[in-house]
Amino acid sequence: MTFPWLTTLIVLPALGAVLTALVPAGMELVAKRLALGAGLVTAALAIVAGIAFVAEGEAVQFTEQYIWIESFG
């Protein structure tokens, strides 16, 4: 199984936003640094995913498949 690029690139900013929203009032510097950190990590992962993309490779890349309801197959 390969690294779940798409899930990570969706969940990481959302998690950063939730954590930033949970920072208590009066700690604006902490909230700014947390948001900046989440944004930079997301940007770095997006750059790595872009570098990992093979233009002449398979037609579909970075796919993820999960079985949610096993009885449906």
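**Ground rules.** I number residues from 1 along each chain as its sequence is written, and side-chain values use heavy atoms, with hydrogens and water left out. The model is predicted, so local features need pLDDT of at least 70 and side-chain atom pairs count only at pLDDT 80 or more, while totals for chains, interfaces and linings use all residues.

**Entry 1: T2.** I looked up T2 and found it in the segment before α1 (5–21). Helices here are DSSP runs of H or I with at least four residues, numbered from the N terminus. T2 has 61% relative accessibility, so I log it as exposed. My cut-offs for relative accessible area: buried is under 20%, exposed is over 50%, partly exposed is in between (1.4 Å probe, protein chains only). I also checked T2 against F72: 70 residues apart in sequence, 24 Å apart in space, C-alpha to C-alpha.

**Entry 2: aromatic pairs.** I paired rings of Phe, Tyr and Trp (its six-membered ring) if their centres lie within 6.5 Å; planes under 30 degrees apart are stacked, over 60 edge-to-face, the rest tilted. The count comes to 3 aromatic pairs. One of them is F3 with W5, edge-to-face, at 4.8 Å centre to centre and 65° between the planes. F3 is partly exposed because its relative accessibility is 42%. W5, at 15%, counts as buried.

W5 also pairs with F62, again edge-to-face: 6.3 Å between centres, 70° between planes. W5 sits in helix α1 and F62 in the segment after α2 (28–52), so this pair ties together parts 57 residues apart in sequence. F62 has 25% relative accessibility and is therefore partly exposed. Which residues do the ring pairs link into a cluster? I find F3, W5, F53 and F62.

**Entry 3: α1 against α2.** How do the two helices run, parallel or antiparallel? Their axes come within 9 Å and cross at roughly 175°. Axes are lines fitted to C-alpha atoms over the stretch in contact, with angles from 0 to 180 degrees between N-to-C directions. I therefore note α1 and α2 as roughly antiparallel (angles over 145 degrees).

For contact I required heavy atoms within 4.5 Å. On α1 the contact residues include W5, L9, L12 and G16; on α2 they include L34, A38, V41 and L45. The contact residues divide into 14 nonpolar, 4 polar and no charged. Nonpolar covers Ala, Val, Leu, Ile, Met, Phe, Trp, Tyr, Cys and Pro; charged covers Asp, Glu, Lys and Arg; the others, Gly among them, are polar.

Notes. Parallel < 35°, antiparallel > 145°, perpendicular 65-115°, else oblique.
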